[in-house]
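Trainee: Could you take me through the backbone and packing features here, beginning with a loop?

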Amino acid sequence: VQALFEATPGAGRPPSGEGWTQGEARDPLTGTCVRWHLRAQRERIVDARYEVRGCPHTIAAAALVAARLAGQAVDDLAVDAGGVARELDAPPEKLGRLLVIEDAVRRAALQLRGVRA
């Protein structure tokens with residue numbers, strides 16, 4: 001968690017240009033907010049960037065997920081927040097925050113598939 005939190009690989013807005021799709025989710029009770037920027041070619045994710053406001057576990061989880069999204073098929077795009085929580089050894093009370101990451105990816109995936117979120 002510490003290494004991902006400090007390095008935040010994949011964080012930030014994407015470079016200007018076409019081809020990026022966004023998906024965002026929030027939890028107003030914790031203040032957690034995650035926005036994904038995904039770019040696909042030939043029905044596969046080729047780049048994933050994120051903006052996140054949250055605790056260190058949420059930021060580390062977003063970095064971990066970003067690294068894993070590249071190469072996934074758009075139609076099968078999914079995140080297992082519970083699995084990410086276990087991998088990061090996140091306390092159970094953090095799961096709700098990690099679900100925000102999952103929701104934001106789901107919304108971006110719907111946009112990529114042309115379905116209104």
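Mentor: Let us begin with Asp 89, which lies in the loop between α3 (81-87) and α4 (95-112); helices (H or I, at least four residues) and strands (E, at least two) are DSSP runs, numbered from the N terminus. This is a predicted model, in which local features need pLDDT of at least 70 and side-chain atom pairs count only at pLDDT 80 or more, while totals for chains, interfaces and linings use all residues. Residues are numbered from 1 along each chain as its sequence is written, and side-chain values use heavy atoms, with hydrogens and water left out.

Trainee: What is the phi of Asp 89, and is Asp 89 buried or exposed?

Mentor: Asp 89 has a positive phi of about 55° although it is not a glycine. As for accessibility, buried means under 20% relative accessible area, exposed over 50%, and partly exposed in between (1.4 Å probe, protein chains only); Asp 89, at 66%, is exposed.

Trainee: Where does Thr 8 lie, and what is its phi?

Mentor: Thr 8 is found in the loop between α1 (2-7) and β1, and its phi, near 40°, is again a positive value in a residue other than glycine. With a relative accessible area of 26%, Thr 8 is partly exposed.

Trainee: How many bridges join β1 to β2, and how many pair β2 with β3?

Mentor: Two strands pair if DSSP finds at least two bridges between them. Strand β1 (residues 20-27) is joined to β2 by eight bridges, the two running antiparallel, and Asp 27 stands opposite Thr 32 in β2. Their hairpin has four residues between the strands, and Gly 31 in it takes a positive phi near 80°. Strand β2 (residues 32-41) in turn pairs with strand β3 (residues 44-53) in the antiparallel sense over nine bridges, where His 37 has Arg 49 of β3 as its bridge partner and Cys 33 stands opposite Arg 53. The hairpin of β2 and β3 has two residues between the strands, and Arg 42 in the turn has a positive phi of about 50°.

Trainee: At what angle do α2 and α4 pack, and which residues make the contact?

Mentor: Axes are lines fitted to C-alpha atoms, for helices over the stretch in contact, and angles run from 0 to 180 degrees between N-to-C directions. Helix α2 (residues 56-69) packs with α4 at an angle of about 35°, their axes being 9 Å apart. The contact (heavy atoms within 4.5 Å) involves His 57, Thr 58, Ala 61, Ala 62, Val 65 and Leu 69 of α2, together with Arg 97, Leu 98, Ile 101 and Val 105 of α4.
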